[in-house]
Amino acid sequence: MKAFDLHCDTITVLCRHGEELVNGARHISLDKMEGFERYVQCFAIFMPDEYRGEGAKEYFDRNYRYYRAQMEKFSGRIGTAERGEQLTRGSGLTSILTVEGGSALAGELDRIKKLKELGVAMMTITWNGDNEIAGGAGGEGEGTGLTDFGRLAIPEMEKQGMIVDLSHISDRSFEEIDAIAQKPFVASHSNSRPMCGVKRNLTDRQFARYVARGGLVGLNYYTQFIRERDPENATVADLYRHIEHFLALGGEKVLALGSDFDGADMPEALNSVEKIANLYEYMLKSNLSEELVRDIFYGNACRFFSQHM
Ligand SMILES: [Zn+2]
């Protein structure tokens, strides 16, 4: 089986606890990933909302050094990709570095180029809180929109080839970015709001914009984003309702995986990377074609990153 996952928080968790990429107690570890024919993981540096400005830079640097040290230490087992062509040539395990939270820019436009040069392929504009670029999903009502800095940062990300990730964005910021973005954008780890009514999930209107632009939407396994009632009992069948809904909206070439591994509580059947085979089998049993399931698991994200990274 091939898989390509758009978002996990593993690196930040390992850095915080001084653990390594071989810790079997985490959702993701090298041993668990090595069972796949091919596996590409976007490893995010998660920026908590408590860090802004210089504090955010230092936090980013600390996590970045940890990521590089882990990739160096285990370079015989996992490769890294920073450009699309490295992805098509790659085999086995591949890591892509991403950032969750535009606070990593600390409000400085030239940091976009700098972070891209450090290997950051994709960045969410916000986490839940508002930052220097835009309002996050944690705000009131439709939330805050793009700031003046944000109106410069989005075109600069596109110019530098850093993929714009709109998971965690406020509804108002989404509209404002959709109005100025030239390239396709991604929601690395968001589900369907009509299927589970939380602000972190996408409205049908928003999803239609990812489809129209040829972007990507990664399915999130966090129980609270899968099912509103009794989320602790969420199952693969509940996640499949989101998939069916997205497919009915024309999402065949847009859907991908965005687990949120090591960042959230998951259903028992999905709470470790090797268990995504359960989702693969469930989709086949639900009469999705093998070609479609392969696209959702790997093909769509591989095509997008090969083209846009
Ligand atoms: Zn997240």
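Start by selecting T98 and M122: T98 stands opposite M122 in strand β5. This is a predicted model, where local features need pLDDT of at least 70 and side-chain atom pairs count only at pLDDT 80 or more, while totals for chains, interfaces and linings use all residues. Residues are numbered from 1 along each chain as its sequence is written, and side-chain values use heavy atoms, with hydrogens and water left out.

**Around strand β4**

Now colour residues 120-124, which form β5, and join them to your view of β4: four bridges link these parallel strands. Strands here are DSSP runs of E with at least two residues, helices are runs of H or I with at least four, and both are numbered from the N terminus. Two strands pair if DSSP finds at least two bridges between them.

Next, select β4 itself, residues 92-100, where eight of the nine residues are buried. Buried means under 20% relative accessible area, exposed over 50% and partly exposed in between, with a 1.4 Å probe and protein chains only.

H168 counts as buried because its relative accessibility is 6%, and H189 is buried at 0%.

**Strand β8 and its neighbours**

Move on to β8, residues 216-219. L216 and G218 point one way, V217 and L219 the other way, and all are buried. Two bridges join β8 to β7, and the strands run parallel; look for A187 opposite V217. Follow the chain from β7 through α8 to β8 and you trace a right-handed β-α-β crossover, meaning that, with the strands pointing away from the viewer, the path from the first strand over the helix to the second runs clockwise. Then show β9 (residues 255-257), which pairs with β8 in the parallel sense over three bridges, with L219 opposite L257.

**The largest pocket**

To finish, select D9, W127, H168, D260 and G263, which lie nearest the centre of the largest pocket among its 17 lining residues. A pocket is an open set of points on a 1 Å grid over the protein atoms alone, with protein on both sides within 12 Å along at least five of seven lines, and lining residues have an atom within 4 Å of a point. Helix α1 (residues 10-17) gives the most to this lining, with three residues.

Methods:
On a 1 Å grid over the protein atoms alone, a cavity is a set of points where a 1.4 Å probe fits but cannot get out, and a pocket is an open set with protein on both sides within 12 Å along at least five of seven lines; lining residues have an atom within 4 Å of a point.
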